[in-house]
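Biologist: Before we use words such as buried, core or cavity, could we look at the chain together and ask what each word rests on?

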Amino acid sequence: MKSTRLLKIVAALLILALPLWLKNEYMLHIAISIGIYIMLALSLNTIVGYAGQFALGHAAFYGIGSYVTALLLLNTDLSFWLVLPIAGLVTGLFGFILGSPVIRLRGDYLGIVTLGFGEIIRLIFVNWVDVTRGPMGLPGIRSPELFGYTFSSSADFYYLVLVLVAITVLVIYRVVHSGMGLSLLTVREDEVVAESIGIRPTKYKLIAFTIGALFAGVAGAFYATYISFISPDSFLYTDSVMILAMVVLGGMASVAGSVLGAIVLVVTPELLRFASDYRMMLVGLAIVLMMVFKPQGFWGESRRKRNFYGKEKADKPQKSPAAVSDSNSAT
């Protein structure tokens with residue numbers, strides 16, 4: 001136990017000190033990209049892993065958060081720190097609006113509807129030229145400022161995304177490891193059983209959609225100010241599939257799994273750059289093999305050591321009541 005705690009402390013210190021010993025700007029960009037995708041994977045895992053809703057349009061929420069942030073920073077004098085929660089809330093509202101009519105759908109039907117939603121949002125970005133400038137995108141998005149200091153270096157944005165990732169992990173962890181999380185899992189496993197014990201499936205699925213969309217919007221807000229340019233090409237269907245692959249590969253209904261899945265699927269294509277013509281094919285093959293031989297993902301539900309009330313699971317089988325009474329009488 002002490003060695004595990006020490007390992008966690010060392011890992012946390014290395015993460016905090018990363019910009020101090022990693023001077024390569026490109027590597028810092030990869031680290032920042034990992035942070036963005038961790039937020040996206042965690043937000044989608046709330047919908048797919050915990051609520052059991054097959055969603056294929058998560059990039060749309062990511063894009064909405066980015067465009068709301070870009071438009072507010074370009075057309076108003078609002079601070080980024082005010083725009084950030086506004087973007088999250090607006091995107092959460094879109095999640096609520098989408099979820100309200102579609103949460104009664106299941107399986108492939110829900111996937112098709114969310115896929116259509118993602119394409120509708122992308123086409124709005126492309127065709128609403130007066131607002132979004134269409135395919136030309138929105139350049140010159142302001143960087144965050146704090147007490148007169150303007151974020152400009154990769155290290156600045158690294159620490160900002162680190163704070164946002166920490167907040168996302170903390171909030172989603174607290175949500176899913178609570179009575180609400182247990183209710184979501186109950187709804188995912190069997191809606192009839194959930195209703196029989198007083199759990200309203202539509203209510204909890206709608207909550208999951210709203211929370212997932214909100215944090216995707218926060219990730220989009222950070223992306224817009226970090227890149228300082230956004231266009232409809234940044235929020236394609238393939239991005240939704242990639243985020244879903246991170247959730248499945250890392251392990252559904254697992255916070256640690258989403259983090260691990262995001263790291264693996266951002267880093268692996270970079271490691272395979274030497275095989276530029278075949279790297280995505282190799283990544284796809286690796287995912288297929290992973291799903292065949294380890295369908296629970298890297299860190300699925302079976303790896304979770306605690307239940308939703310924080311009590312340790314017993315490693316040894318519990319004694320039967322008869323055995324307990326016999327041992328008490330013997331003493």
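**What the words rest on**

Modeller: Leaving aside neighbours within four places in sequence, L265 is in contact with M242, A245, M246, L249, V283 and I287. Please keep in mind that this is a predicted model.

Biologist: Where is L265 placed, and why is L265 called buried?

Modeller: L265 sits in helix α13. The word buried is used for a relative accessible area under 20%, and L265 has 5% relative accessibility, so L265 counts as buried. The C-alpha atoms of L265 and V283 are separated by 8.0 Å, although the two residues are 18 apart along the chain.

Biologist: What makes α4 a helix that is largely enclosed by the rest of the structure?

Modeller: Of the 18 residues of α4, 15 are buried, so the helix is largely enclosed by the rest of the structure. Helix α4 covers residues 58–75 and reaches 26 Å from its first C-alpha to its last, which is close to the 26 Å expected at 1.5 Å a residue.

Biologist: Which residues touch the most other members of the largest nonpolar core?

Modeller: The largest nonpolar core has 89 residues, and those that touch the most other members are I32, I36, L40, F222 and I230. Helix α3 gives the most to this core, with 16 residues. Leaving aside its neighbours within four places in sequence, I32 is in contact with S154, F157, Y158, V161, F222 and Y226.

Biologist: How many cavities of 30 Å³ or more does a search of the whole structure find, and why is such a space called a cavity?

Modeller: The search finds 2 cavities of 30 Å³ or more. The name cavity is used because a 1.4 Å probe fits there but cannot get out. The largest cavity has a volume of about 60 Å³, and α6 supplies the largest share of its lining, 4 residues. The second largest cavity holds about 40 Å³ of space, and its lining divides into 6 nonpolar, 3 polar and no charged residues.

Biologist: What is the volume of the second largest pocket, and why is it called a pocket?

Modeller: The second largest pocket has a volume of about 600 Å³, and of the 21 residues that line it, the closest to its centre are S33, Y37, D239, M242 and E270. The word pocket applies because the set of points is open, with protein on both sides within 12 Å along at least five of seven lines. Helix α3 gives the most to the lining of this pocket, with 5 residues, and by class the lining has 13 nonpolar, 4 polar and 4 charged residues.

Methods: Residues are numbered from 1 along each chain as its sequence is written. This is a predicted model: local features need pLDDT of at least 70, side-chain atom pairs count only at pLDDT 80 or more; totals for chains, interfaces and linings use all residues. Side-chain values use heavy atoms; hydrogens and water are left out. On a 1 Å grid over the protein atoms alone, a cavity is a set of points where a 1.4 Å probe fits but cannot get out, and a pocket is an open set with protein on both sides within 12 Å along at least five of seven lines; lining residues have an atom within 4 Å of a point. Grid points are joined across faces, edges and corners, and a volume is the space filled by probe spheres set on the points. Helices (H or I, at least four residues) and strands (E, at least two) are DSSP runs, numbered from the N terminus. Ala, Val, Leu, Ile, Met, Phe, Trp, Tyr, Cys and Pro count as nonpolar, Asp, Glu, Lys and Arg as charged, and the others, Gly among them, as polar. A nonpolar core is a set of buried Ala, Val, Leu, Ile, Met, Phe, Trp, Tyr and Cys residues joined through side-chain atoms within 4.5 Å. Buried means under 20% relative accessible area, exposed over 50%, partly exposed in between (1.4 Å probe, protein chains only). Contact means heavy atoms within 4.5 Å. The expected span of a helix is 1.5 Å times one less than its number of residues.
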